[in-house]
Amino acid sequence: MTAVKKIAVLTSGGDSQGMNAAVRAVVRSGLYFGLEVYGVQRGYHGLLNDDIFQMDLRSVGDIIHRGGTVLQSARCKEFRTLEGQQKGAQILRDRGIDGLIVIGGDGSYQGANKLSQQGIKTMGLPGTIDNDISFTDYTIGFDTAVSVVVDAINKLRDTMSSHERSSIVEVMGRHCGDIALHAGLASGAETILVPEVEFNMDEVAERMKQNFAHGKRHSIIIVAEGVGRGEDVAAELVKRFPTNDPRVTVLGHIQRGGTPTAFDRNLASRLGDFAVRQLIEGQSDKACGIIKGELVATDINTVVNTKKPFNMDLYELAIRLSQ
Ligand SMILES: Nc1ncnc2c1ncn2[C@@H]1O[C@H](COP(=O)(O)OP(=O)(O)OP(=O)(O)O)[C@@H](O)[C@H]1O
Ligand SMILES: O=P(O)(O)OC[C@H]1O[C@](O)(CO)[C@@H](O)[C@@H]1O
Ligand SMILES: [Mg+2]
């Protein structure tokens, strides 16, 4: 006896690489366990427009390796209102759908929490490049986004070394510095500016002068968008180090595209299957995640009200190794 018979899946908020692998896992595990599975187009926006269709094994063929999301994604103002949430729950009830899996970020999780208050069983899957969700070590898409940044920095290094320039690279992450931190460590960046760690531009400039004086041929500063614009950091740097002639690169939405890494595909596959099994067992209003390799389900309220801790050890290591 399963606690749900018909389930639906949607993707919401900023898309991320690996969302398709998660949708595929939800659909195929759901069907394997004898459920009917539905797809909702364009997140909560599609839900409110009853943009819902039945999915079968073939509807998720050939997508495991694709970035983006075949269900498409959206941000929906109306769903932030009680009326919107009641309407969404009624649309699902009218179709006999008793469980919904929401793949998205913290905002999408809050929507899932509101739907569970309206009597729909919900599960959240962490689909965002930002890695800003607590109670999971990794979010789906983060590993691919970091790889995109590292690949870009490899290229920048080539040309920056030729000209003995410094390179300022602005990366995504909204209020979270994890993309900057992990890409910074992997690419040997000299400076990593994140919202979680206070910094002093005088010290940043001084360190850069020392690096060039000690024979470095280039210098990389990664700026998480939560700190500000790369252009503004460059202006502050030039005031303190006028002979430096930095170049700014804003990686932007390139970080959200491309084929997902094996890590993101496997994470998405495991989490998608886990979310289905949680619903079948009667769980609801939970966020699925991975902690030290183990799959876990945590109350959504706890997850959205807990800030993800920043890994200071990794930050200090990155700085130590880039001397
Ligand atoms: N407090 C809330 N109550 C109900 N619905 C919400 C709430 N917050 C967000 N949502 C819904 O979730 C959608 C996505 O939220 P948001 O834009 O914050 O992105 P996200 O899921 O956090 O993803 P990302 O930050 O990775 O882009 C919103 O457009 C809205 O429809
Ligand atoms: O797709 P949009 O609306 O430009 O949003 C960009 C934001 O979404 C994210 O890509 C994912 O949350 C953030 O890193 C970034 O701040
Ligand atoms: Mg978010």
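Biologist: Which residues line the largest cavity?

Modeller: This is a predicted model, in which local features need pLDDT of at least 70, side-chain atom pairs count only at pLDDT 80 or more, and totals for chains, interfaces and linings use all residues. Residues are numbered from 1 along each chain as its sequence is written, chains are lettered from A and ligands numbered from 1 in the order in which they are written, and side-chain values use heavy atoms, with hydrogens and water left out. On a 1 Å grid over the protein atoms alone, a cavity is a set of points where a 1.4 Å probe fits but cannot get out, a pocket is an open set with protein on both sides within 12 Å along at least five of seven lines, and lining residues have an atom within 4 Å of a point. The lining of the largest cavity consists of Asn131, Cys176, Asp178, Glu196, Lys307, Lys308, Pro309 and Phe310.

Biologist: What is the volume of the largest cavity?

Modeller: The search of the whole structure finds one cavity of 30 Å³ or more. Its lining holds three nonpolar, one polar and four charged residues (Ala, Val, Leu, Ile, Met, Phe, Trp, Tyr, Cys and Pro count as nonpolar, Asp, Glu, Lys and Arg as charged, the others, Gly among them, as polar). Taken as the space filled by probe spheres set on the grid points, the volume of the largest cavity is about 30 Å³.

Biologist: Which helix supplies the largest share of the lining of the largest pocket?

Modeller: The largest pocket holds about 900 Å³ of space. Its lining has 39 residues, with Arg75, Gly105, Asp106, Gly107 and Ser108 closest to the centre. At least two lining residues each come from helix 4 (106-117) and helix 10 (300-304), helices being DSSP runs (H or I, at least four residues) numbered from the N terminus. The largest share, seven residues, comes from helix 4.

Biologist: How much of the accessible area of ligand 1 does the protein cover?

Modeller: Ligand 1 takes the space of the largest pocket, and helix 4 gives the most to its shell, with six residues. An oxygen atom of ligand 1 is 2.8 Å from a polar backbone atom of Gly14, and a nitrogen atom of ligand 1 is 3.2 Å from an N or O atom in the side chain of Arg80. A polar side-chain atom of Arg174 is 3.3 Å from an oxygen atom of ligand 1. Of the 620 Å² that ligand 1 has on its own (Shrake-Rupley method, 1.4 Å probe), the protein covers 91%.

Biologist: What percentage of the exposed area of ligand 2 does the protein bury?

Modeller: Ligand 2 also sits in the largest pocket, and the residues around ligand 2 include Arg75, Thr128 and Asp130. A polar side-chain atom of Arg174 lies 3.4 Å from an oxygen atom of ligand 2. For the side-chain N or O atoms of Glu225 the distance to an oxygen atom of ligand 2 is 2.6 Å, and for those of His253 it is 2.9 Å. Taken alone, ligand 2 exposes 400 Å², and the protein buries 75%.

Biologist: Which helix gives the most to the lining of the second largest pocket?

Modeller: About 300 Å³ of space lies in the second largest pocket. Among its 17 lining residues, Thr136, Asp137, Asp178, Lys308 and Pro309 lie nearest the centre. With three residues, the most is given by helix 6.

How values were computed:
A residue is near a molecule or strand if one of its heavy atoms lies within 4 Å of it. A polar contact is a pair of N or O atoms within 3.5 Å; within protein, one must be able to donate a hydrogen and the other to accept it, and residues adjacent in sequence count only if both atoms are side-chain atoms. A molecule sits in a cavity or pocket if more than half of its atoms lie within 2 Å of its grid points.
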